[in-house]
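Here is a quick tour of a two-chain model, taken one piece at a time. Keep the viewer open and follow along.

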Amino acid sequence: MTQEEVNALNVDLVVDARGTACPGPLLAVKKAIGDVEEGEIMEVLSSNEGTKHDIPRWCEKMEHEFLGVFEEDSYTRLFLKKAE
Amino acid sequence: MENEFEKQFLDLQKKVNKIEKGTKDQLTMVVFSGDLDKIIAAMIMSVGAAAMDTQVKLFFTFWATAALRDKKKSAKGKNFMGKMFGMMLPKGTTKLKLSKMHMAGMGSSMIKGIMKKKNVPSLEEMFKTAGELGIQINVCEMSMDLMGLKKEEFIDYPHLKICGVATFLADAEQSKVQLFI
């Protein structure tokens, strides 16, 4: 994703899973998905390299829409939209 | 023509029912090894699967059963062999050995230190999370018998059941994924 695309997103909830190791980010996302409404957008922060591949697969399985990744210097921002 | 369609529809419905009954979104794992590293791997995979809403059934057998012992608990009424085994087998997760580079306990301490530094939850914490996520632990009764282990000396885990091989086989048959560790 580009900076413009990220700025255009209306994020409803940010989940900070930085510092946790696998399967920490996954658990954090699973817990937090209950706190957003259908169609809302969640942002996940992770410092874990594997999360970039894990969260899209998690979305695929759970039928949420994975919107994309944005790399910061020391962590990754991942965006997803809760299934309706 | 309409009859033909109806027949095909019923046939398909039957097949779908069979498939739905056949395999569930479920992971069955045989946890055989009593090695620290292998049990850590088993628990990380289980917790990950549960985070993906997959039902998880773990079948603890042979050496793995000793990992379920609670270091603060003991069981009465053991025979001589049971007592011997009890002394020789590790008493719970904190006493498990690494399958490689154990180096008389140095390796295990090192890996635990590294895990802590890298924010990987400890095995004890993973069991707690597993319990909260509803991961089922089935313990092989025959292994317990062989090693003289009793239910009273196991950890307080919310979904722990003592059972036989048929339970494992029935679970495995209904699972999309089966693993052996």
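## Where the chains meet

This is a predicted model. Across the interface, 9 residues of chain B are in contact with 11 residues of chain A.

Chain A has an open sheet of 4 strands, with mixed pairing and the order β1-β2-β4-β3. Which strands stand at the edges? They are β1 (11-16) and β3 (65-71) of chain A; each has a single partner strand, so one side of each has no neighbour in the sheet. Direction ignored, neighbouring strands here are turned by 20° against each other on average.

Now look at strand β2 (residues 41-46) of chain A and strand β4 (residues 76-81) of chain A: the two run antiparallel and are joined by 6 bridges. To find your place along that pair, pick out A:I41, which stands opposite A:K81 in β4(A). Then bring in α3(A), which packs on the sheet and touches β2, β3 and β4 of chain A. The direction of α3(A) makes about 5° with that of β4(A).

## Two helices crossing in chain A

Two packed helices are described by the angle between their axes and the distance between the axes. For helix α2 (residues 24-32) of chain A and helix α3 (residues 51-62) of chain A, the axes cross at roughly 35° and come within 10 Å. The crossing of α2(A) and α3(A) is right-handed.

Which residues meet there? From α2(A) come A:P25, A:L26 and A:V29, and they meet A:T51, A:D54, A:I55 and A:W58 in α3(A). Sorted by class, the residues of this α2(A)–α3(A) contact are 5 nonpolar, 1 polar and 1 charged.

## Strand β2 of chain B and its partners

Over in chain B, start with strand β2 (residues 55-60): 5 of its 6 residues are buried, so the strand is largely enclosed by the rest of the structure. Strand β1 (residues 24-31) of chain B runs parallel to β2(B), with 6 bridges joining the two. In that pair, B:M29 stands opposite B:L58 in β2(B).

Conventions
Residues are numbered from 1 along each chain as its sequence is written. Chains are lettered from A and ligands numbered from 1 in the order in which they are written. This is a predicted model: local features need pLDDT of at least 70, side-chain atom pairs count only at pLDDT 80 or more; totals for chains, interfaces and linings use all residues. Axes are lines fitted to C-alpha atoms, for helices over the stretch in contact, and angles run from 0 to 180 degrees between N-to-C directions. A crossing is left-handed if the near helix is turned anticlockwise from the far one by less than a right angle, and right-handed if clockwise. Two residues are in contact if their C-beta atoms, placed from the backbone, lie within 7 Å. Ala, Val, Leu, Ile, Met, Phe, Trp, Tyr, Cys and Pro count as nonpolar, Asp, Glu, Lys and Arg as charged, and the others, Gly among them, as polar. Two strands pair if DSSP finds at least two bridges between them. A residue is buried if 20 or more other C-beta atoms lie within 10 Å of its own, exposed if 12 or fewer, and partly exposed in between; C-beta atoms are placed from the backbone.
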